Amino acid sequence: MTMFTNFIRSLLLTALFSFIAPIFLVGGFLLCLTLVGYIPGLQVITENIASPILHFLATFGSGSSVHGLLVICLTWSFVGVLFDIYVYYRCQILRLDS
């Protein structure tokens with residue numbers, strides 16, 4: 001039973017961290033662009049960099065960049081869970097071969 005609870009705990013942690021990672025990556029990059037935009041003369045450059053990123057996210061979110069980011073986060077989370085299941089499967093196979 002402890003093997004199953006460890007597996008479920010691993011899946012939940014993987015899903016959580018895989019969901020949070022793109023939020024920190026995209027959010028951190030956009031935050032840095034916003035902070036750099038306060039430097040005089042760089043506002044136009046930072047807007048030109050951030051605008052395509054927001055349009056890209058809006059493509060996945062049916063017009064909303066926040067929904068697009070959530071869709072990407074859910075996809076990363078799903079892929080992370082799939083990798084975790086694969087690693088668990090490989091661990092079981094290698095344990096049986098030993």
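**Exercise 1. Determine how the end-to-end reach of helix H1 in this predicted model relates to the expected value, and which of the helix's residues are buried.**

Solution. Helix H1 covers residues 2-36, which is 35 residues, and from its first C-alpha to its last it reaches 50 Å, close to the 51 Å expected at 1.5 Å a residue. The next step is burial, for which the cut-off is under 20% relative accessible area. The buried residues in H1 are Phe7, Leu11, Thr14, Ala15, Ser18, Pro22, Leu30 and Leu33, and the cover over them includes H2 and H3.

**Exercise 2. Find the aromatic pairs of the structure and classify the geometry of each.**

Solution. The structure holds two aromatic pairs. In one of them, phenylalanine 7 and tyrosine 88 have ring centres 4.3 Å apart and planes at 35°, which is a tilted arrangement. This pair links distant parts of the chain, since phenylalanine 7 belongs to helix H1 and tyrosine 88 to helix H3, 81 residues apart. Phenylalanine 7 counts as buried at 16% relative accessibility, whereas tyrosine 88, at 30%, counts as partly exposed.

The other pair joins phenylalanine 56 and phenylalanine 60, edge-to-face, with 5.1 Å centre to centre and 80° between the planes. These two residues are four apart in helix H2, and are therefore separated by about one helical turn. An α-helix has 3.6 residues a turn, so residues three or four places apart point the same way. Phenylalanine 56 is partly exposed at a relative accessible area of 48%, and phenylalanine 60 is partly exposed at 42%.

**Exercise 3. Locate serine 62 and describe its backbone and its exposure.**

Solution. Serine 62 sits in the loop between helix H2 (43-60) and helix H3 (65-97). Its phi is near 55°, a positive value in a residue other than glycine. With a relative accessible area of 74%, serine 62 is exposed, the cut-off for that class being over 50%.

How values were computed. Residues numbered from 1 in each chain as written. Predicted model: local features only at pLDDT ≥ 70, side-chain atom pairs only at ≥ 80, totals over all residues. Heavy atoms only, no water. Buried < 20%, exposed > 50% of the residue type's maximum accessible area, 1.4 Å probe, protein only. Expected span 1.5 Å × (residues − 1). Contact = heavy atoms within 4.5 Å. Phe/Tyr/Trp six-rings, centres within 6.5 Å; stacked < 30°, edge-to-face > 60°.
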